Amino acid sequence: MGRHEGQVAVVTGGASGIGRASVEAIVREGGRAVALDLDEAAMAWADGDDRIAVVAGDVTVPDDNAAAVALAEDRFGRCDVAVLNAGIPMSGDVVELPMEHFDRVMDVNVRGVVLGIRAAVPAMRRAGGGAIVATASTSGIGADPNMWPYNTSKAAVINLVRAVAIDLAAEGIRVNAVCPGPTETGMTAARAGTAWKAEITRHIPMQRWGRADELAAAVSFLVSPAASFVTGAVLPVDGGITASTSQFLPREAP
């Protein structure tokens, strides 16, 4: 029996990267999942798998979040896991960046998580409990040059998780966050072999980027019964980045 036997999850940003890897990890260990993403065509990899349902939607729209949870209950009978992974990057000068760009990153990265929680919690109450994991970032723990909009949004997600974890703990609903460091996804593939990527890699103590399946393994643990006494946790999965003061470059591999 897998660690997710009997669990039904909604995963946002489920078409690719950490979202897709999380769906795959959950169903591989006995669970079922609804994958929500803007681009339904990008979820064709799930075609023919009756353990996975897909739905096109925007996490900034309340009805789209509600539709994903309703699909989980209609198709699989319950919803007791939510992996709120959808997010977008944003950078720019603090004076010059148009405020509508800042509003957009806050809308997707923060409001989208709030809406995901609001949609999932009633179903989790009906199920007798549940587990929520939000994808934050090491960029929510510390700051990065010229990335203040993204830093702000992910820091907000971290404290949102802590606050909601306290509010829902007595109902048996756990809320945690994973904080990825640099991770190999479709968004970063275009920069393979570039000086930019090499520079970032040099600052990672493990001297490599993470993989989506490594992030999904952390998500899988946090939503599983193995983490039954873990709530309000913020788990860096970052190759050691947040362990460093950043004053010195880490040792290179021998």
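Which residues of the largest nonpolar core touch the most other members? Keep in mind that this is a predicted model. The answer is V34, I117 and I132, in a core of 39 residues. The top contributor to this core is helix α3, residues 99-127, which gives nine residues. There is also a second, separate core, with 20 residues. Among them are V23, A35, I52 and V133.

Seven strands form an open sheet with parallel pairing. The order reads β3-β2-β1-β4-β5-β6-β9. At the edges sit β3 (52-56) and β9 (234-237), each pairing on one side only. From one strand to the next, the twist averages 20°.

Zoom in on one pair. Strands β5 (residues 130-135) and β6 (residues 173-180) run parallel, joined by six bridges. Here A131 stands opposite R174 in β6.

Next, the helices on the sheet. Helix α1, residues 17-28, packs on the sheet and touches β1, β2, β3, β4 and β6. The direction of α1 makes about 170° with that of β1. Helix α4, residues 148-168, lies across β5, β6 and β9. Helix α4 runs at about 160° to β6.

Last, the cysteines. C79 counts as buried because its relative accessibility is 0%. C179 is buried too, with a relative accessible area of 0%. How many disulfides are there? The count comes to zero.

Notes
Residues are numbered from 1 along each chain as its sequence is written. This is a predicted model: local features need pLDDT of at least 70, side-chain atom pairs count only at pLDDT 80 or more; totals for chains, interfaces and linings use all residues. Side-chain values use heavy atoms; hydrogens and water are left out. A disulfide is a pair of cysteine sulfur atoms within 2.5 Å. Buried means under 20% relative accessible area, exposed over 50%, partly exposed in between (1.4 Å probe, protein chains only). A nonpolar core is a set of buried Ala, Val, Leu, Ile, Met, Phe, Trp, Tyr and Cys residues joined through side-chain atoms within 4.5 Å. Helices (H or I, at least four residues) and strands (E, at least two) are DSSP runs, numbered from the N terminus. Two strands pair if DSSP finds at least two bridges between them. Axes are lines fitted to C-alpha atoms, for helices over the stretch in contact, and angles run from 0 to 180 degrees between N-to-C directions. Contact means heavy atoms within 4.5 Å.
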